[in-house]
Amino acid sequence: MRGILAFVFFLFATAAMAHDAPSGWAYDPYCCSGDSETGDCEMIPSRTVTVIPGGYRIMLQPGDHRYVTHAHIFTLPQGKTMRSPDGSYHLCLFPDENTPRCFYAPDMAY
């Protein structure tokens with residue numbers, strides 16, 4: 001019983017830490033902690049994202065994400081990309097600006 005209560009508390013605490021994207025959909029609790037002003041998930045400019053074979057290249061400068069203080073280049077596989085419901089790109093950096101935890105991308109049009 002104690003294990004079940006601990007698990008339920010963990011789920012509640014994790015969900016309470018996640019926040020919504022500007023368009024209103026919720027980031028996955030695993031991806032995000034904090035709120036819309038301090039959370040580690042944020043919409044990033046589309047100009048920072050390039051589709052490459054097998055995934056995406058993200059080139060960030062300070063100002064492209066609230067946590068970024070210097071230039072970054074991330075290469076992320078398509079298989080680890082999550083669907084963005086609002087047609088924008090979103091990136092979650094955790095535990096620091098050097099570590100992409102989750103990346104949300106819009107559906108590709110063909």
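Predicted model: local features only at pLDDT ≥ 70, side-chain atom pairs only at ≥ 80, totals over all residues.

Student: What makes β6 and β7 a pair of strands?

Tutor: Strands pair if there are at least two bridges between them. Strand β6 (residues 89-93) and β7 are joined by 4 bridges, so they pass that cut-off. The two run antiparallel, and a hairpin through 6 residues joins them. One place to look is C92, which stands opposite C102 in β7.

Student: How do you know that β5 and β7 pair as well, and in which sense?

Tutor: Again, at least two bridges are needed. Strand β5 (residues 81-83) and strand β7 (residues 100-105) have 3 bridges, and their pairing is parallel. You can find R83 in the model with its bridge partner A105 in β7.

Student: And what links β1 to β6?

Tutor: There are 4 bridges between β1 and β6, in the antiparallel sense. M43, for example, has H90 in β6 as its bridge partner.

Student: Now the rings. How many aromatic pairs does a search of the whole structure find?

Tutor: The search finds 6 aromatic pairs. One of them is formed by Y56 and F103.

Student: Why is the pair of Y56 and F103 called edge-to-face?

Tutor: Start with distance: the centres must lie within 6.5 Å, and here they are 5.1 Å apart. Then take the angle: planes over 60 degrees apart count as edge-to-face, and these planes are at 65°.

Student: How do you know whether Y56 and F103 are buried or exposed?

Tutor: Buried means under 20% relative accessible area. Y56 has 2% and F103 has 3%, so both count as buried.

Student: What makes the pair of Y89 and F103 stacked or edge-to-face?

Tutor: The ring centres of Y89 and F103 are 5.9 Å apart and the planes are at 5°. Planes under 30 degrees apart count as stacked, so this pair is stacked. Y89 lies in strand β6 and F103 in strand β7, 14 residues apart. Y89 is also buried, because its relative accessibility is 14%.

Student: Which rings are linked into a cluster?

Tutor: Ring pairs link W25, Y27 and Y104 into a cluster.

Student: On to the cysteines. How do you know that C31 and C102 form a disulfide?

Tutor: A disulfide is a covalent bond between the sulfur atoms of two cysteines. The cut-off is 2.5 Å, and the S to S distance of C31 and C102 is 2.0 Å, so the pair counts as a disulfide. C31 lies in the loop between α1 (2-17) and β1, and C102 in strand β7, so the pair ties together parts that are 71 residues apart in sequence. The torsion about the S-S bond of C31 and C102 is about -80°, so this disulfide is left-handed.

Student: Why is the disulfide of C41 and C92 called right-handed?

Tutor: The torsion about its S-S bond is about 105°, so the disulfide is right-handed. The S to S distance of C41 and C92 is 1.9 Å. C41 lies in strand β1 and C92 in strand β6, so the pair ties together parts that are 51 residues apart in sequence. Both C41 and C92 are buried.

Methods. Residues numbered from 1 in each chain as written. Heavy atoms only, no water. Buried < 20%, exposed > 50% of the residue type's maximum accessible area, 1.4 Å probe, protein only.
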